[in-house]
Amino acid sequence: MYLKQAGSSLDSLMSSFNTRIAELQELVIARNMYPASSVTDLSAIDAALKGMELQVQAIKDRLREETEAIPKAKKLIAASLRQQKKLQSMSVYVPSHLPEKMTTLNLDGDRGFVPEASRQQQRQQPNLGSSKVQEEPAALPKEKKGRGSPPLWYITSGELDSLASYMRGRLTLEKVNAAINDMATYAEANAQLVAAPKKKLAENLWERALELRDIATTEAVKGKHFFLESDMKGPSLKLDNTGKAILTVLRHLGRISETRIGHNRVIILLKLQ
């Protein structure tokens with residue numbers, strides 16, 4: 001009887017060992033399938049979640065700031081649109097380009113620059129003759145009548161529309177006002193030639209300067225800004241059909257007058273009355 005009990009106990013012990021061994025084998029297989037490194041640390045997950053929460057909060061704050069800025073942006077856009085309309089209405093009376101304030105001549109050396117600002121500054125020099133003790137002022141060049149800046153009397157869209165269709169043709173406001181810029185440039189260059197002394201002129205300009213001086217002293221031109229028909233070499237005003245049509249329009253609108261002196265056709269720029 002004791003032998004049977006001992007044998008039964010031994011069988012139970014062996015069965016228990018076999019069961020334990022099988023469980024250990026399953027655990028080893030499971031360990032190989034899912035290594036420990038693949039299991040995320042819970043503390044790392046918690047840190048990642050907190051980081052995401054901070055990012056979400058930052059995004060919410062940014063959205064709130066952008067939402068608050070929308071009304072200000074709308075007001076700025078409205079003001080910009082109003083300013084754009086004003087500029088568009090003003091641009092109708094301004095040509096695409098304006099003449100430079102300083103015209104250059106082919107003079108000897110670097111003395112060909114005669115800026116308009118310098119002439120205006122000379123005219124505005126204060127009179128210090130009443131002072132008892134003063135230094136003698138430097139002699140200023142004597143200004144000649146008509147040596148101010150050439151008139152830039154642009155036309156308006158209403159004036160252009162008032163013309164007959166056969167006179168207006170395909171001319172646009174921009175083309176005509178750009179031609180007025182060219183006329184002022186021609187007249188300024190001629191005025192400099194008339195006023196320049198011989199020693200400052202290149203040899204190839206002396207004969208032209210003499211011719212212009214003869215024209216400038218005539219009764220019809222004296223004291224006025226003018227240019228010759230032969231000066232019409234662009235960029236906007238040329239001696240072609242379009243250029244002749246522009247002269248006709250400007251003469252009709254009272255911007256210019258014309259006269260013939262010798263073999264030269266002289267165009268005189270008129271000032272706003």
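Tutor: Here is a quick tour of salt bridges, a cavity and a surface patch.

Student: What should I know about the source?

Tutor: This is a predicted model: local features need pLDDT of at least 70, side-chain atom pairs count only at pLDDT 80 or more, and totals for chains, interfaces and linings use all residues. Residues are numbered from 1 along each chain as its sequence is written, and side-chain values use heavy atoms, with hydrogens and water left out.

Student: OK. How many salt bridges does the structure hold?

Tutor: Eight. The criterion is a side-chain nitrogen of Lys or Arg within 4 Å of a carboxyl oxygen of Asp or Glu.

Student: Which residue does R265 pair with?

Tutor: E258, with the closest N and O atoms 2.4 Å apart. That pair belongs to a network: salt bridges with shared partners join E229, R251, E258 and R265.

Student: Where do D61 and R64 lie?

Tutor: Both are in helix 2, residues 42-91, three residues apart, about one turn. Helices are DSSP runs of H or I with at least four residues, numbered from the N terminus. The D61 and R64 side chains form a salt bridge at 3.1 Å, N to O. D61 has 23% relative accessible area, and R64 has 45%.

Student: And what about R62?

Tutor: R62 bridges to E66, also at 3.1 Å between the closest N and O atoms. They sit four residues apart in helix 2, so about one helical turn separates them.

Student: Switching topic. How much space lies in the largest cavity?

Tutor: About 60 Å³. A cavity is a set of points on a 1 Å grid over the protein atoms alone, where a 1.4 Å probe fits but cannot get out; lining residues have an atom within 4 Å of a point.

Student: What lines it, by class?

Tutor: Eight nonpolar residues, no polar ones and one charged. Among the lining residues are W153, M183, R255 and L269.

Student: Last one. Which residues make the nonpolar surface patch?

Tutor: L13, F17 and I21, over about 300 Å². Patch residues have over 30% relative accessible area and no salt bridge, and nonpolar side chains are joined within 5 Å. F17 is in helix 1, residues 2-33, and counts as exposed at 52% relative accessibility.

Conventions:
Patch = residues over 30% accessible without salt bridge, like charges linked within 9 Å, V, L, I, M, F, W, Y side chains within 5 Å. Areas by Shrake-Rupley, 256 points an atom, 1.4 Å probe, with all protein chains shown as cover. Helix = DSSP H or I, 4+ residues; strand = E, 2+ residues; numbered from the N terminus. Buried < 20%, exposed > 50% of the residue type's maximum accessible area, 1.4 Å probe, protein only. 1 Å grid on protein atoms, 1.4 Å probe; cavity = no way out; pocket = protein on both sides within 12 Å on 5 of 7 lines; lining within 4 Å. Points joined across faces, edges and corners; volume = space filled by probe spheres on them. Nonpolar A, V, L, I, M, F, W, Y, C, P; charged D, E, K, R; others polar.
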